[in-house]
Amino acid sequence: MSANTFGIDLGTSNIKIYDKNADGVVIEKNMIAVKNKTEIFAYGNSAYDMYEKAPGNIKITYPLSGGVIADINHMETLVRLFVNAQMKGQPKPVDVYVAIPHDVTEVERKAFRDLIRDSNIRARDIMLVEKALADGVGMDIDVMNSQGVLVVDVGFETTEISVLSLGGIVISKLMKVAGRKFDDTIRNKVRQELSLIIGEKTAENLRISLRDLDKSGEEAVVYGRDIVTGLPVERKISTGMIDRSLVDDFDQILDTIKATLERTPPELSADIYKHGIYLTGGASQTMSLAQHISDGVNLNVNVSEIPDVSVSMGLAKIIREKAFRSLAYDIDGNSK
Ligand SMILES: Nc1ncnc2c1ncn2[C@@H]1O[C@H](COP(=O)(O)OP(=O)(O)OP(=O)(O)O)[C@@H](O)[C@H]1O
Ligand SMILES: [Mg+2]
(Lines give C-alpha, C1' and ligand atoms only; values in the text may rest on other atoms or scores of the structure.)
(Ligands and ions follow the chains in the order given, each with its own letter.)
Protein backbone atom coordinates (compact mmCIF):
# COMPACT_ATOMS: atom_id res chain seq x y z
CA MET A 1 0.00 0.00 0.00
CA SER A 2 1.23 3.46 -0.77
CA ALA A 3 1.23 5.98 2.06
CA ASN A 4 -0.67 8.61 0.13
CA THR A 5 -1.95 9.60 -3.31
CA PHE A 6 -1.37 12.96 -4.94
CA GLY A 7 -3.13 14.56 -7.91
CA ILE A 8 -0.85 17.09 -9.58
CA ASP A 9 -1.87 19.83 -12.01
CA LEU A 10 1.36 21.34 -13.28
CA GLY A 11 0.24 24.74 -14.49
CA THR A 12 2.60 27.17 -16.21
CA SER A 13 1.90 29.63 -13.39
CA ASN A 14 0.50 27.61 -10.50
CA ILE A 15 1.18 24.06 -9.42
CA LYS A 16 -1.83 22.58 -7.67
CA ILE A 17 -1.37 19.44 -5.62
CA TYR A 18 -4.33 17.46 -4.33
CA ASP A 19 -3.40 15.46 -1.23
CA LYS A 20 -5.71 12.49 -0.72
CA ASN A 21 -4.96 11.98 2.99
CA ALA A 22 -5.54 15.63 3.78
CA ASP A 23 -8.35 15.84 1.17
CA GLY A 24 -7.23 19.33 0.17
CA VAL A 25 -5.41 21.20 -2.57
CA VAL A 26 -2.21 23.17 -2.04
CA ILE A 27 -1.55 25.91 -4.60
CA GLU A 28 1.93 27.31 -5.09
CA LYS A 29 3.61 29.32 -7.83
CA ASN A 30 5.43 27.02 -10.25
CA MET A 31 8.60 29.07 -9.91
CA ILE A 32 12.14 28.69 -8.71
CA ALA A 33 14.78 31.25 -7.69
CA VAL A 34 18.38 30.14 -8.22
CA LYS A 35 21.29 32.12 -6.80
CA ASN A 36 24.69 32.16 -8.50
CA LYS A 37 23.51 29.52 -10.97
CA THR A 38 23.47 26.65 -8.45
CA GLU A 39 21.95 27.46 -5.07
CA ILE A 40 18.16 27.13 -4.69
CA PHE A 41 17.37 30.41 -3.05
CA ALA A 42 13.58 30.23 -2.96
CA TYR A 43 10.73 28.35 -4.61
CA GLY A 44 6.99 28.49 -5.04
CA ASN A 45 5.19 31.52 -3.68
CA SER A 46 8.30 32.97 -2.07
CA ALA A 47 10.16 32.84 -5.41
CA TYR A 48 7.20 34.66 -6.98
CA ASP A 49 7.36 37.37 -4.30
CA MET A 50 10.91 38.14 -5.47
CA TYR A 51 10.06 38.01 -9.17
CA GLU A 52 10.92 41.26 -11.03
CA LYS A 53 12.63 42.54 -7.87
CA ALA A 54 15.67 40.29 -7.43
CA PRO A 55 19.29 41.26 -8.19
CA GLY A 56 21.03 39.88 -11.30
CA ASN A 57 22.66 36.92 -9.58
CA ILE A 58 19.27 35.51 -8.58
CA LYS A 59 17.49 34.05 -11.56
CA ILE A 60 13.78 33.43 -11.15
CA THR A 61 12.12 31.23 -13.74
CA TYR A 62 9.11 29.12 -14.57
CA PRO A 63 10.27 25.55 -15.39
CA LEU A 64 7.16 24.95 -17.50
CA SER A 65 6.70 26.78 -20.77
CA GLY A 66 3.74 26.72 -23.12
CA GLY A 67 2.23 23.87 -21.11
CA VAL A 68 5.22 21.53 -21.46
CA ILE A 69 8.30 20.89 -19.34
CA ALA A 70 11.08 23.24 -20.45
CA ASP A 71 13.51 22.92 -17.54
CA ILE A 72 13.34 19.35 -16.35
CA ASN A 73 15.88 19.60 -13.51
CA HIS A 74 14.17 22.49 -11.80
CA MET A 75 10.74 21.00 -12.37
CA GLU A 76 11.89 17.79 -10.67
CA THR A 77 13.28 19.79 -7.77
CA LEU A 78 10.01 21.65 -7.34
CA VAL A 79 7.89 18.48 -7.44
CA ARG A 80 10.17 16.90 -4.84
CA LEU A 81 10.08 19.92 -2.54
CA PHE A 82 6.31 20.34 -2.75
CA VAL A 83 5.48 16.65 -2.34
CA ASN A 84 7.98 16.20 0.48
CA ALA A 85 6.44 19.17 2.26
CA GLN A 86 3.07 17.41 2.07
CA MET A 87 4.62 14.14 3.28
CA LYS A 88 6.18 15.98 6.22
CA GLY A 89 9.48 14.22 5.68
CA GLN A 90 8.09 10.64 5.74
CA PRO A 91 10.01 8.71 3.06
CA LYS A 92 7.14 6.42 2.05
CA PRO A 93 5.96 5.42 -1.42
CA VAL A 94 3.15 7.45 -2.97
CA ASP A 95 0.87 7.14 -5.99
CA VAL A 96 0.70 10.12 -8.29
CA TYR A 97 -1.97 11.16 -10.78
CA VAL A 98 -0.69 13.85 -13.10
CA ALA A 99 -2.80 15.95 -15.49
CA ILE A 100 -1.39 16.35 -18.98
CA PRO A 101 -2.45 18.42 -21.98
CA HIS A 102 -3.79 16.40 -24.93
CA ASP A 103 -2.33 18.38 -27.80
CA VAL A 104 1.36 17.61 -27.16
CA THR A 105 3.81 15.16 -28.70
CA GLU A 106 4.34 11.62 -27.42
CA VAL A 107 7.77 12.66 -26.11
CA GLU A 108 6.32 15.62 -24.20
CA ARG A 109 3.60 13.39 -22.77
CA LYS A 110 6.16 10.83 -21.62
CA ALA A 111 8.19 13.62 -20.04
CA PHE A 112 5.42 14.16 -17.47
CA ARG A 113 5.67 10.52 -16.37
CA ASP A 114 9.48 10.63 -16.35
CA LEU A 115 9.41 13.83 -14.33
CA ILE A 116 7.39 12.23 -11.53
CA ARG A 117 9.42 9.01 -11.70
CA ASP A 118 12.75 10.85 -11.51
CA SER A 119 11.86 13.49 -8.95
CA ASN A 120 12.85 11.31 -6.03
CA ILE A 121 9.48 11.17 -4.29
CA ARG A 122 9.28 7.36 -4.29
CA ALA A 123 6.39 7.38 -6.74
CA ARG A 124 4.94 3.88 -7.05
CA ASP A 125 2.04 4.10 -9.52
CA ILE A 126 2.16 7.05 -11.90
CA MET A 127 -1.13 7.63 -13.67
CA LEU A 128 -1.81 10.14 -16.44
CA VAL A 129 -5.10 12.00 -16.83
CA GLU A 130 -6.03 14.24 -19.75
CA LYS A 131 -6.31 17.74 -18.30
CA ALA A 132 -9.56 18.55 -20.13
CA LEU A 133 -11.27 15.43 -18.74
CA ALA A 134 -10.13 16.35 -15.23
CA ASP A 135 -11.54 19.84 -15.84
CA GLY A 136 -14.87 18.32 -16.83
CA VAL A 137 -15.05 16.02 -13.82
CA GLY A 138 -14.01 18.90 -11.54
CA MET A 139 -16.85 21.02 -12.92
CA ASP A 140 -19.31 18.17 -12.20
CA ILE A 141 -20.05 17.50 -15.85
CA ASP A 142 -21.09 13.93 -16.56
CA VAL A 143 -18.10 13.33 -18.86
CA MET A 144 -18.53 9.54 -18.85
CA ASN A 145 -21.98 9.65 -20.48
CA SER A 146 -22.24 13.00 -22.26
CA GLN A 147 -21.77 13.13 -25.99
CA GLY A 148 -20.28 16.48 -26.86
CA VAL A 149 -18.88 18.73 -24.14
CA LEU A 150 -16.77 21.74 -25.05
CA VAL A 151 -14.30 22.72 -22.34
CA VAL A 152 -12.17 25.87 -22.60
CA ASP A 153 -9.44 26.23 -19.95
CA VAL A 154 -7.78 29.65 -20.03
CA GLY A 155 -4.68 29.48 -17.83
CA PHE A 156 -1.47 31.47 -17.65
CA GLU A 157 0.47 30.57 -20.79
CA THR A 158 -2.01 28.24 -22.42
CA THR A 159 -5.63 27.95 -23.41
CA GLU A 160 -6.80 24.41 -24.02
CA ILE A 161 -9.94 23.96 -26.09
CA SER A 162 -11.31 20.43 -26.08
CA VAL A 163 -14.36 18.48 -27.13
CA LEU A 164 -15.09 15.54 -24.85
CA SER A 165 -17.39 12.62 -25.48
CA LEU A 166 -18.10 9.42 -23.53
CA GLY A 167 -15.07 9.74 -21.25
CA GLY A 168 -12.60 10.54 -24.04
CA ILE A 169 -11.25 13.48 -26.02
CA VAL A 170 -12.45 13.97 -29.58
CA ILE A 171 -10.51 17.12 -30.47
CA SER A 172 -8.18 19.27 -28.40
CA LYS A 173 -6.12 22.30 -29.24
CA LEU A 174 -3.53 23.92 -27.01
CA MET A 175 -2.85 27.57 -27.83
CA LYS A 176 -0.47 30.06 -26.29
CA VAL A 177 -2.85 32.93 -25.63
CA ALA A 178 -3.94 33.21 -21.99
CA GLY A 179 -3.36 35.33 -18.87
CA ARG A 180 0.28 36.08 -19.57
CA LYS A 181 -0.42 37.24 -23.12
CA PHE A 182 -3.29 39.45 -21.85
CA ASP A 183 -0.83 41.07 -19.44
CA ASP A 184 1.72 41.66 -22.22
CA THR A 185 -0.97 43.35 -24.25
CA ILE A 186 -1.87 45.56 -21.28
CA ARG A 187 1.80 46.50 -20.76
CA ASN A 188 2.12 47.47 -24.41
CA LYS A 189 -1.06 49.52 -24.27
CA VAL A 190 0.05 51.39 -21.14
CA ARG A 191 3.43 52.05 -22.72
CA GLN A 192 1.81 53.38 -25.87
CA GLU A 193 -0.86 55.51 -24.22
CA LEU A 194 0.92 56.78 -21.12
CA SER A 195 4.62 56.39 -22.01
CA LEU A 196 4.84 54.27 -18.92
CA ILE A 197 6.65 50.99 -18.38
CA ILE A 198 4.90 48.69 -15.93
CA GLY A 199 5.89 45.26 -14.63
CA GLU A 200 4.16 41.95 -15.27
CA LYS A 201 2.69 41.82 -11.78
CA THR A 202 1.29 45.35 -12.07
CA ALA A 203 -0.36 44.45 -15.38
CA GLU A 204 -1.80 41.25 -13.91
CA ASN A 205 -3.19 43.02 -10.83
CA LEU A 206 -4.69 45.67 -13.06
CA ARG A 207 -6.39 43.00 -15.19
CA ILE A 208 -7.70 41.15 -12.12
CA SER A 209 -9.08 44.37 -10.63
CA LEU A 210 -10.87 45.45 -13.85
CA ARG A 211 -14.22 43.98 -12.84
CA ASP A 212 -14.35 45.73 -9.45
CA LEU A 213 -13.08 49.02 -10.84
CA ASP A 214 -15.62 48.87 -13.64
CA LYS A 215 -18.43 48.29 -11.15
CA SER A 216 -17.41 51.20 -8.97
CA GLY A 217 -16.73 53.42 -12.00
CA GLU A 218 -13.20 54.20 -10.84
CA GLU A 219 -10.12 54.59 -12.98
CA ALA A 220 -7.18 52.26 -12.42
CA VAL A 221 -4.06 53.59 -10.74
CA VAL A 222 -0.77 52.14 -11.98
CA TYR A 223 2.81 52.62 -10.86
CA GLY A 224 5.77 52.30 -13.16
CA ARG A 225 8.66 54.11 -14.84
CA ASP A 226 8.12 57.05 -17.17
CA ILE A 227 9.82 56.32 -20.52
CA VAL A 228 10.84 59.94 -21.07
CA THR A 229 12.09 60.99 -17.63
CA GLY A 230 13.03 57.53 -16.36
CA LEU A 231 11.43 58.44 -13.03
CA PRO A 232 8.96 56.36 -11.02
CA VAL A 233 5.44 57.74 -11.38
CA GLU A 234 1.81 57.05 -10.59
CA ARG A 235 -0.74 57.33 -13.39
CA LYS A 236 -4.45 56.82 -13.88
CA ILE A 237 -5.85 54.87 -16.79
CA SER A 238 -9.41 54.15 -17.87
CA THR A 239 -10.57 50.57 -17.38
CA GLY A 240 -12.46 50.76 -20.69
CA MET A 241 -9.21 51.34 -22.56
CA ILE A 242 -7.59 48.29 -20.96
CA ASP A 243 -10.68 46.18 -21.56
CA ARG A 244 -10.77 47.14 -25.25
CA SER A 245 -7.08 46.45 -25.71
CA LEU A 246 -7.72 42.77 -24.99
CA VAL A 247 -10.18 42.26 -27.85
CA ASP A 248 -7.55 40.91 -30.29
CA ASP A 249 -6.36 38.33 -27.77
CA PHE A 250 -9.95 37.32 -27.01
CA ASP A 251 -10.57 37.03 -30.77
CA GLN A 252 -7.69 34.60 -31.15
CA ILE A 253 -9.29 32.34 -28.54
CA LEU A 254 -12.68 32.80 -30.14
CA ASP A 255 -11.32 31.88 -33.60
CA THR A 256 -9.82 28.67 -32.23
CA ILE A 257 -13.11 27.80 -30.54
CA LYS A 258 -14.89 28.36 -33.87
CA ALA A 259 -12.34 26.23 -35.73
CA THR A 260 -12.82 23.48 -33.15
CA LEU A 261 -16.59 23.64 -33.50
CA GLU A 262 -16.24 23.41 -37.28
CA ARG A 263 -14.25 20.19 -36.92
CA THR A 264 -16.67 18.66 -34.41
CA PRO A 265 -18.85 15.79 -35.68
CA PRO A 266 -22.46 17.06 -36.05
CA GLU A 267 -23.96 14.61 -33.55
CA LEU A 268 -21.71 16.09 -30.88
CA SER A 269 -22.44 19.67 -31.97
CA ALA A 270 -26.06 19.10 -31.02
CA ASP A 271 -25.08 18.39 -27.42
CA ILE A 272 -22.71 21.33 -27.31
CA TYR A 273 -25.51 23.53 -28.60
CA LYS A 274 -27.85 22.30 -25.87
CA HIS A 275 -25.42 22.61 -22.98
CA GLY A 276 -23.23 25.50 -24.03
CA ILE A 277 -19.50 25.94 -23.50
CA TYR A 278 -17.77 25.24 -20.18
CA LEU A 279 -15.22 27.92 -19.36
CA THR A 280 -12.58 27.47 -16.67
CA GLY A 281 -8.93 28.25 -15.77
CA GLY A 282 -7.73 31.22 -13.70
CA ALA A 283 -7.64 33.73 -16.55
CA SER A 284 -11.16 32.81 -17.71
CA GLN A 285 -12.23 35.30 -15.03
CA THR A 286 -10.80 38.20 -17.03
CA MET A 287 -13.52 40.81 -17.49
CA SER A 288 -15.49 40.55 -20.76
CA LEU A 289 -13.91 37.26 -21.90
CA ALA A 290 -16.89 35.00 -21.19
CA GLN A 291 -19.27 37.49 -22.78
CA HIS A 292 -17.00 37.92 -25.80
CA ILE A 293 -16.97 34.16 -26.39
CA SER A 294 -20.70 33.82 -25.84
CA ASP A 295 -21.46 36.64 -28.30
CA GLY A 296 -18.96 35.30 -30.82
CA VAL A 297 -20.37 31.78 -31.11
CA ASN A 298 -23.93 32.47 -30.04
CA LEU A 299 -23.82 29.84 -27.33
CA ASN A 300 -24.39 29.91 -23.64
CA VAL A 301 -21.14 30.00 -21.64
CA ASN A 302 -21.10 28.16 -18.30
CA VAL A 303 -18.54 29.89 -16.14
CA SER A 304 -16.76 27.58 -13.70
CA GLU A 305 -17.27 28.26 -10.01
CA ILE A 306 -13.79 26.88 -9.31
CA PRO A 307 -11.71 28.19 -12.22
CA ASP A 308 -8.35 27.89 -10.44
CA VAL A 309 -8.81 24.32 -9.26
CA SER A 310 -11.20 22.58 -11.65
CA VAL A 311 -8.40 20.26 -12.83
CA SER A 312 -7.29 19.39 -9.31
CA MET A 313 -10.85 18.87 -8.05
CA GLY A 314 -11.34 16.55 -11.04
CA LEU A 315 -8.15 14.65 -10.14
CA ALA A 316 -9.47 14.38 -6.58
CA LYS A 317 -12.68 12.70 -7.79
CA ILE A 318 -10.80 10.44 -10.19
CA ILE A 319 -8.55 9.33 -7.33
CA ARG A 320 -11.43 8.84 -4.88
CA GLU A 321 -14.28 7.46 -6.97
CA LYS A 322 -14.17 4.12 -8.77
CA ALA A 323 -16.59 5.33 -11.44
CA PHE A 324 -13.87 7.62 -12.83
CA ARG A 325 -10.94 5.20 -12.62
CA SER A 326 -10.89 4.54 -16.37
CA LEU A 327 -9.98 8.20 -16.97
CA ALA A 328 -6.52 7.56 -15.51
CA TYR A 329 -4.02 5.32 -17.25
CA ASP A 330 -0.34 4.47 -16.98
CA ILE A 331 2.24 5.07 -19.71
CA ASP A 332 1.25 1.79 -21.37
CA GLY A 333 -2.39 2.85 -21.48
CA ASN A 334 -3.64 0.59 -18.67
CA SER A 335 -6.13 1.77 -16.06
CA LYS A 336 -6.21 0.51 -12.49
N1 LIG B 1 -9.77 36.92 -10.49
C2 LIG B 1 -9.06 36.79 -11.60
N3 LIG B 1 -9.37 37.51 -12.70
C4 LIG B 1 -8.66 37.37 -13.84
N5 LIG B 1 -7.59 36.56 -13.98
C6 LIG B 1 -7.24 35.82 -12.91
C7 LIG B 1 -7.94 35.90 -11.67
N8 LIG B 1 -7.35 35.04 -10.80
C9 LIG B 1 -6.31 34.48 -11.46
N10 LIG B 1 -6.25 34.94 -12.72
C11 LIG B 1 -5.27 34.58 -13.77
O12 LIG B 1 -5.25 33.19 -13.92
C13 LIG B 1 -3.99 32.80 -14.47
C14 LIG B 1 -3.52 31.55 -13.76
O15 LIG B 1 -4.51 30.59 -13.91
P16 LIG B 1 -4.25 29.05 -13.74
O17 LIG B 1 -3.76 28.75 -12.38
O18 LIG B 1 -5.46 28.35 -14.22
O19 LIG B 1 -3.03 28.85 -14.77
P20 LIG B 1 -2.03 27.65 -14.88
O21 LIG B 1 -2.79 26.37 -14.69
O22 LIG B 1 -0.86 27.86 -14.02
O23 LIG B 1 -1.56 27.81 -16.39
P24 LIG B 1 -1.74 26.84 -17.66
O25 LIG B 1 -3.02 26.09 -17.50
O26 LIG B 1 -1.74 27.77 -18.84
O27 LIG B 1 -0.54 25.95 -17.64
C28 LIG B 1 -3.05 33.99 -14.29
O29 LIG B 1 -2.80 34.58 -15.56
C30 LIG B 1 -3.85 34.93 -13.40
O31 LIG B 1 -3.60 36.29 -13.70
MG1 LIG C 1 -3.87 25.12 -15.94
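**View 1. Division of the chain into two domains.** In this predicted model, the domain assignment divides the chain into domain 1, made of residues 4-134 + 310-329, and domain 2, which covers residues 142-304. Taken over C-alpha atoms, the centres of domain 1 and domain 2 are separated by 24 Å.

**View 2. The side of domain 1 that touches domain 2.** Where the two domains meet, 19 residues of domain 1 are in contact with 22 residues of domain 2. On the domain 1 side, helix α4 (residues 131-138) gives the most to this contact, contributing three residues. Sorted by class, the residues on the side of domain 1 that touches domain 2 comprise six nonpolar, nine polar and four charged ones.

**View 3. The crossing of helices α8 and α10.** Helix α8 (residues 247-263) and helix α10 (residues 289-297) have axes that come within 10 Å of each other and that cross at roughly 40 degrees. Because angles under 35 degrees count as roughly parallel and those of 65 to 115 as roughly perpendicular, α8 and α10 are described as oblique to each other. The crossing in which α8 passes α10 is right-handed.

**View 4. Residues that make the contact between α8 and α10.** Counted by class, the contact of α8 with α10 holds seven nonpolar residues, together with two polar residues and one charged residue.

Terms used:
Residues numbered from 1 in each chain as written. Chains lettered and ligands numbered in written order. Predicted model: local features only at pLDDT ≥ 70, side-chain atom pairs only at ≥ 80, totals over all residues. Axes fitted to C-alpha atoms, helices over the stretch in contact; angles between N-to-C directions. Helix = DSSP H or I, 4+ residues; strand = E, 2+ residues; numbered from the N terminus. Parallel < 35°, antiparallel > 145°, perpendicular 65-115°, else oblique. Left-handed = near helix turned anticlockwise from the far one by under 90°. Nonpolar A, V, L, I, M, F, W, Y, C, P; charged D, E, K, R; others polar. Domains from an automatic or database assignment. Contact = placed C-beta atoms within 7 Å.
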